[in-house]
Amino acid sequence: MQKFVTDALVLKTKVTGESDLIVFLLTEKKGIVRAFAKGARSMKSKLHAATSLFSYASYGLYEKNDVYHVSDADLKESFFDLRTDLSRLSLGQYFCEVILKTVTEETDESTFYQLMLRSVYYLNQGKKDLLLLKSVFELRLAVIAGYAPPVHACAVCGTFLTDKMYFDCESGELFCADCGDAHALPEIPSAVVSAMRHIVYASFDQLFAFTLSGQSLEILNRLTQIYLQNCMQMKFSVLDYFWTSYR
Ligand SMILES: [Zn+2]
């Protein structure tokens with residue numbers, strides 16, 4: 001019986017039996033761990049508070065017959081506030097779904113975990129624009145998953161920046177005003193180019209430390225959403241709830 005303790009965030013829960021739960025935990029070093037939480041649905045259970053969606057806790061886990069079980073849990077943060085608003089909640093659920101589709105049990109990469117925790121933290125805090133959080137999550141996740149778009153310069157002539165540029169949501173390539181015209185691509189202002197570069201290249205500590213608003217933020221949002229969908233070759237229906245509640 002292998003025992004270990006890990007910090008993790010609950011991405012999904014599934015009801016099983018009378019009062020039990022299966023929790024999908026995003027752990028720091030073991031990717032996603034699916035664990036059985038006996039009696040967790042009971043209000044009296046010591047596991048109850050730490051086995052809700054978005055709960056962040058230190059979990060004691062053990063493996064028995066190839067199944068993980070939660071033996072105890074020490075809640076660190078419930079991220080309660082993000083549940084009080086439908087836009088924030090559905091955006092958080094979207095983050096969870098994307099992570100569930102990207103990270104596997106064998107992923108020993110802690111960067112997904114770091115991106116997710118930071119995104120949920122800001123979502124819960126409620127001070128940053130939701131579209132900004134969404135774009136940062138989408139584009140940086142694509143980078144971590146191995147689809148970093150080459151946005152450092154024009155893909156044809158190497159020009160760093162022109163007033164307007166063009167972005168190819170299929171290849172992730174950027175084109176300057178001269179080279180992009182012929183490609184029938186969406187035009188993007190230089191502020192959006194700078195924001196994309198920031199999201200792709202900034203350190204985690206600086207990742208959310210920039211501002212973009214109005215039409216530029218909407219353009220960025222459209223591009224990052226389509227780019228991530230193209231990279232992952234899938235759409236996420238939970239986004240429909242987000243857009244319905246956001247508008
Ligand atoms: Zn060019």
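In what order do the three strands of the open sheet stand, and is their pairing parallel or antiparallel? The order is E7-E6-E8, and the pairing is antiparallel. This is a predicted model, in which local features need pLDDT of at least 70 and side-chain atom pairs count only at pLDDT 80 or more, while totals for chains, interfaces and linings use all residues. Residues are numbered from 1 along each chain as its sequence is written.

**The three-stranded sheet**

- Strand E7 (174-175) and strand E8 (187-189) each have a single partner strand and stand at the edges, so one side of each lacks a neighbour in the sheet.
- Strands here are DSSP runs (E, at least two residues), helices are runs of H or I with at least four residues, and both are numbered from the N terminus; two strands pair if DSSP finds at least two bridges between them.
- Strand E6 (residues 164-167) runs antiparallel to E8 and is joined to E8 by three bridges.
- Opposite Tyr-166 you will find Glu-187 in E8.
- Helix H5 (residues 190-201) packs on this sheet and touches E6, E7 and E8, with its direction at about 80 degrees to that of E8.
- Contact means that C-beta atoms, placed from the backbone, lie within 7 Å; axes are lines fitted to C-alpha atoms, for helices over the stretch in contact, with angles from 0 to 180 degrees between N-to-C directions.

**Two domains**

- The chain is divided into domain 1 (2-78) and domain 2 (82-246), with bounds from an automatic or database domain assignment.
- Taken over C-alpha atoms, the domain centres are 30 Å apart.
- Their contact takes 13 residues from domain 1 and 16 residues from domain 2.
- On the domain 1 side, strand E1 (2-16), strand E2 (20-27) and strand E3 (32-37) each supply at least two residues.

**A helix pair**

- The axes of helix H1 (residues 86-102) and helix H2 (residues 111-125) come within 10 Å and cross at roughly 175 degrees.
- H1 is therefore roughly antiparallel to H2 (angles over 145 degrees count as roughly antiparallel).
- Residues making the contact include Leu-91, Phe-95 and Ile-99 of H1 and Met-116, Val-120 and Leu-123 of H2.

**Around Ser-71**

- Ser-71 lies in strand E5 (residues 67-77).
- With 16 other C-beta atoms within 10 Å, Ser-71 is partly exposed (buried is 20 or more, exposed is 12 or fewer, and partly exposed is in between).
- Leaving out residues up to four places away in sequence, Ser-71 touches Gly-60, Leu-61 and Tyr-62.

Definitions and conventions:
Contact = placed C-beta atoms within 7 Å. Parallel < 35°, antiparallel > 145°, perpendicular 65-115°, else oblique.
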